Amino acid sequence: MAINFAWFSIIFALVSGCIIFPPDEISQLGLHVNGLWRNYLGSEGLNFVDFHLRRSIATLVTHGLLLLTYGFGVWFIEPKTKPWKSQNSTRDYLLSVLSCLCLVTATVLFAFAMHWKRNKFCYHPTRRALQWHYSQDWERVKRAINAEFRHIDKVVVSSGFKNVIITSSWLLQTNIYTIDIALQSDADLSYQYAYTEHVIYISSLLCHGCGDETAPHSCWIHLPLSCDLMLIILEDILRLISAYDAPKLNSHEKRQLVRIRVTTVNPFIPTFDIIIDSENYKDISDKLETRIRNSRNIIIRQTLNEQFLHVLRNIVLENPFHYRGDMRMVDADSEECFGCSGSSPKVKIQIRSHAGTCFCRPMFCLDCLGKWFVSKQNERVPERWLQGSAECPTCRTPFTVQDISFVSSQSQS
């Protein structure tokens, strides 16, 4: 029977993990909380607040059902563990305590779900936060949040199993059971920590065995990890293992996770932390009304694309200039980049690496042309981007980084 109990626990843990923390394949099948309760939840895009109020209730009920199933399953697999029967061994007693604990916890979750749902979510923490802390007319605040969430200019960033949403006026973070809400005009944001996550190398250890002893995985062990950060790292490990992305698993690529503390001038709003990837820092900072205080002098790591563009600029500066006097065209200073419409087209493709010619006039700035070049490279092997090639956006002539030249306003002597 011990073997049956062990197999039951393993299978139950796998099924529960797929429902609570679903990988992409399970999400596509709809076997997660939002998919199983989709008729009850409604549309997040139309009614954001109502959707997450219902989602929290559905999550409580789902977790309670899972615990209830496990508790009764233990009794079915091990009949001697039923509390009204005498336990003959310490193992039976411990399993009886475990099953009773699962049933009690499930009952508590059901009680919370019923309490929060009473009187149109009157006792739900999210509604009480909106009603007591911002306005007694919580329906008006709810409509304002729903309207801003429907705008296309909002910023949504996934952080592990949480989502950070920034609208024109609100900063929101969806948790498993609740929502953290702060009004941007009342919020004060400050950096707390920056973590360098060696999750790729850890996944490599899990899948391929220990490799390079000098790899920096020991630094990861000494980080002050929190539950939120552990969930983010766990999500990345599971995603990489399930995809079995061998080139990425074998690389030592790192990413930086930044913890930001959100404090509001409203004394009734609790302080909460958000964890974002440094790659999303620019999108978030551009959307925020206030700057994020950096009293700890934390250095935000550049994204891989930003690092590439910095190196590309240095390479292009070493390439021969293309003189405007050699081109039969109008004044380029009066034109705009076709990609961003914010800069002048200051670069031209001059084929030097192979036989061929690009007759296109300058139409892109270096950043836009560099982003186009990166989009044509294999994202799994960034160390080979500089040796790669791409096609001209207009005439499709292949070119390399050695074929990009800055346009000079002077005539060639």
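In which helix is Ile 10 found? Ile 10 sits in helix α1, residues 2-20 (helices, H or I of at least four residues, and strands, E of at least two, are DSSP runs numbered from the N terminus).

## About the model

This is a predicted model, in which local features need pLDDT of at least 70, side-chain atom pairs count only at pLDDT 80 or more, and totals for chains, interfaces and linings use all residues. Residues are numbered from 1 along each chain as its sequence is written, and side-chain values use heavy atoms, with hydrogens and water left out.

## Surface residues

Ile 10 is partly exposed, with a relative accessible area of 46% (buried means under 20%, exposed over 50%, partly exposed in between, with a 1.4 Å probe and protein chains only). Phe 268 lies in the loop between β6 (255-264) and β7 (272-277), and at 56% relative accessibility Phe 268 counts as exposed.

## Salt bridges

Let's turn to the charged pairs. The whole structure holds 8 salt bridges (a side-chain nitrogen of Lys or Arg within 4 Å of a carboxyl oxygen of Asp or Glu). One of them joins Arg 293 and Asp 188, whose closest N and O atoms are 2.9 Å apart. This pair links distant parts of the chain: Arg 293 is in the loop between α13 and α14, and Asp 188 is in strand β5 (residues 187-197), 105 residues apart. Arg 293 is partly exposed at 39% relative accessibility, and Asp 188 is partly exposed at 31%.

Arg 259 and Asp 273 also meet in a salt bridge, at 3.2 Å from N to O. Arg 259 belongs to strand β6 and Asp 273 to strand β7, 14 residues apart, and both residues are buried. In helix α13, Lys 282 and Asp 286 lie 4 residues apart, about one turn of the helix, and their closest N and O atoms are 3.0 Å apart in a salt bridge. Here Lys 282 is partly exposed, at 48% relative accessible area, while Asp 286 is exposed, at 53%. Finally, a network of salt bridges links Asp 50, Glu 139 and Lys 142.
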